[in-house]
Amino acid sequence: MKTVDEGADPRVRMWAPVCQAVALLLGPYAEVVLHDPDADRILAVWNPMTSRGPGDPSLLGELDALDPSARDVFGPYEKLLADGRRLSSVSAVLRDPGGKASAVLCVNLDRTPLEQAAAVLSAFGAPSAARPEPLFEQDWSERIQHTVGAYVRESGRPVERLTRQDRLAVLGRLDEAGVFAVRRAAPVVAGALRISRSTLYSLLAELRAPSAKDQAP
């Protein structure tokens, strides 16, 4: 849907193909508006999301007050419709050959479908109850994976980027959980942390070494 008389203004005739292309690509979720900055009026609207149309006030404010370092493109910034929908908006100042602001092009993208999709994906398969620990208390391999994975999520770093102190902290948790009492646990821990077994044993020795404070009389 468009609200535009493409023959009414030379600026509309010039920019209509661009505006229509954006509207077709993002429609029906994007509103494209062409403004007259001098008259502060709307020149044309493609995919209107409100009742405003050509001739209505733009309410853009003064272009001279904008940050000149932005190079005539502003956003994405957030806008809110009366029905609660949130929009991501971008505005571009279109200049004539002399450098004067001839029109302002605004694209308002309705984020509702993206937010709904994100909510569905986030909820899909997400746990809704606490993990039944009795089912896993004897599964030491599961405990290793769970402990390492929990630390990775807490630290925000992938396993291969964990520091020596990170690995010592993980090993401390595993040692406290009694994982290393299982004879075959060491290679599984080394694999989960992406380190060699010799590095694992070196870290364990460092972890278990008494501190100078502990050795003091």
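**View 1. P28 sits in the loop between α1 and β2**. This is a predicted model, and here we're zoomed in on the loop that runs between helix α1 (10–26) and strand β2 (30–36). Look at the link from G27 to P28: the peptide bond joining the two is cis. Its omega comes out at about 5 degrees.

**View 2. N47 has a positive phi**. Now we move to the loop between β3 (41–46) and β4, where N47 lies. N47 isn't a glycine, yet its phi is positive, near 55 degrees. Is N47 buried or exposed? With a relative accessibility of 15%, N47 counts as buried, because the cut-off for buried is under 20%.

**View 3. R194 has a positive phi in the loop between α6 and α7**. Phi of R194 is near 60 degrees, a positive value in a residue other than glycine. Is R194 buried or exposed? Its relative accessibility is 57%, and exposed means over 50%, so R194 counts as exposed.

Notes:
Residues are numbered from 1 along each chain as its sequence is written. This is a predicted model: local features need pLDDT of at least 70, side-chain atom pairs count only at pLDDT 80 or more; totals for chains, interfaces and linings use all residues. Side-chain values use heavy atoms; hydrogens and water are left out. Helices (H or I, at least four residues) and strands (E, at least two) are DSSP runs, numbered from the N terminus. Buried means under 20% relative accessible area, exposed over 50%, partly exposed in between (1.4 Å probe, protein chains only).
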